[in-house]
Amino acid sequence: RFCGVGRVVSGYSTSAGIENPINPSIKVHCTQLLINGNFVDSASGKTFPTYDPRTGDVIAHVAEGDAEDIDRAVCAARKAFDEGPWPKMTAYERSKVLFRFADLLDKHIEELATLETWDNGKPYEQSAKIELPMISRIIRYYAGWADKIHGLTIPADGPHLVQTIHEPIGVAGQIIPWNFPLLMFAWKVGPALACGCTIVLKSAEQTPLSALYAAKLLHEAGLPPGVLNVVSGFGPTAGAALASHMDVDKLAFTGSSETGKIVLELASKSNLKPVTLELGGKSPFIVCKDADVDKAVELAHFALFFNQGQCCSAGSRTYVHEDVHDEFIEKAKARALKRSVGDPFKAGVEQGPQVNNGQPLLHVVVIMSYILIAMKIGVRCYNLRFSPVLFQTDTNAYLNQIDSEQFEKILRYIRSGIESGATLITGGDRLGSKGFYIQPTVFTKVKEDMLIAQEEIFGPVQSILKFRDMDEVIRRANSTRYGLAAGVFTNDLDTANTLSRALKVGTVWINCYDVFDAAIPFGGYKMSGQGREKGVHCLSNYLQVKAIVAPLKNPAWI
């Protein structure tokens, strides 16, 4: 579980850990595309850099997959599904491959956690002690489900034998985000493989390294060639080509709501493939008047600042009852000031740098070439953050778009909060002169019509809002386009029951937050997505239900 992992360390500051980062102890080996069981260069021979968010330096150059590589991967996945051994294995044999994979994940925690932290910026202790154990648990959970998927025998009104069977849907296209690369890899790959599907997975261009290494381990566990193919690349080519490919049977996407709309459109305009979407959020965290303020402050802090605030379910709207509001504010400020920010490889650090794509001018050139390629293959045009753009050749316009990379976007939201009249009580600026660190930031006197209360910031920015009564906070908490999650902090059972049923969200955490056990379904209402990840519900995403009806001749009973 994520709950309760925060530590109280000395105040945030520009430390030696930021200016002199620790050098990771491993070498990067997996940088090519994984297609049909082999690591190969991209068809174009191109590569792109992946950056260390602590410094902005290049970690490695990774093969840059595009539409041709997606087609190669889909062809391999199709052949593996139609002709290969994977769907024809017994479910028990498939489960044994997944169990072996989970064992290998546990064996290689150090390498995987190092890659995750180096590429993403999250604390190493979080990667190694929290996320990697969760990842192997997810894989074992779905390994256990593989031989328990079955249909029904259904009584008919006449003399017929009726049964349903659950068949793998086929080739699954999967697009994962950069904030939890390995965890999202497991959420997607685990259930799809348990159901007998084959996969083409596109990793996030910001964080491609750990997925490639994990895929290598999965093949070491005995996965047949072509069953899992991993293509690193950008949205305009690789992402769009996968979403619109006519031979992909199902699509699963995790990312922003704006991008989710585009993915859904591409899927519908190609072969009408079903799509599951786990999208953005603007989750309320409600502190009721009976709350233990010290405990509420700590949990609200964790709900927002965990993973540098780069969490779709982040409790980014902290509603505090007026009776405890002033005390909560003072203690929330003090807690933010105590947050340890620095090199994520350093022990005790709670917050590392924000994810960033590196050099803007390079991206301008890349984007313009992608748009030309995307037009040639007949898909819409996207920028690096998957937002729809009109074709244009104005370099300054592209620079403005690229300026919305994660680090600069967060700072712009902070400026917006100040300009719209919210009170900044701590933080509000970058930390240090090197890398992409941002001070833990807390706003008070936030109103619903402010951008910081309506839009997903995806950064370490806490917005505190005051409320008077239950009806008011329910109305205000439900006032956004999102509905992913919510937190409720109260000692009153009736209050907890009332709020948990009234909030229009997919998950309500009561006196806890970010509890992501393998069996708990996760997904959103409204523009936070459709379908569910994790748990038994996720299996239906990768299965087709077939009814089989046969006549009964002279049955003894019907």
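Reader: Where is the place of Lys534?

Author: In this predicted model, Lys534 is found in the loop between strand S21 (529-530) and S22.

Reader: Why is Lys534 called buried?

Author: The relative accessible area of Lys534 is 1%. Buried means under 20%, and Lys534 is therefore buried.

Reader: Which loop holds Leu272, and what is its phi?

Author: Leu272 belongs to the loop between helix H9 (257-269) and strand S11 (275-278). Although Leu272 is not a glycine, its phi is positive, at about 60°.

Reader: Is Leu272 buried or exposed, and how do you know that?

Author: Leu272 has a relative accessible area of 65%. Exposed means over 50%, so Leu272 is exposed.

Reader: What makes S5 and strand S6 a pair?

Author: Two bridges join S5 to strand S6 (residues 160-168). Pairing requires at least two bridges, and S5 and S6 therefore count as a pair. These strands run antiparallel.

Reader: Which residue in S6 stands opposite Thr153?

Author: Gln163 in S6 is the residue opposite Thr153.

Reader: In what order do the three strands of the open sheet come?

Author: The order is S5-S6-S22, with antiparallel pairing.

Reader: Why are strand S5 and strand S22 called edge strands?

Author: Strand S5 (153-154) and strand S22 (543-551) each pair on one side only, and they are the edge strands of the sheet.

Terms used. Residues numbered from 1 in each chain as written. Predicted model: local features only at pLDDT ≥ 70, side-chain atom pairs only at ≥ 80, totals over all residues. Heavy atoms only, no water. Helix = DSSP H or I, 4+ residues; strand = E, 2+ residues; numbered from the N terminus. Buried < 20%, exposed > 50% of the residue type's maximum accessible area, 1.4 Å probe, protein only.
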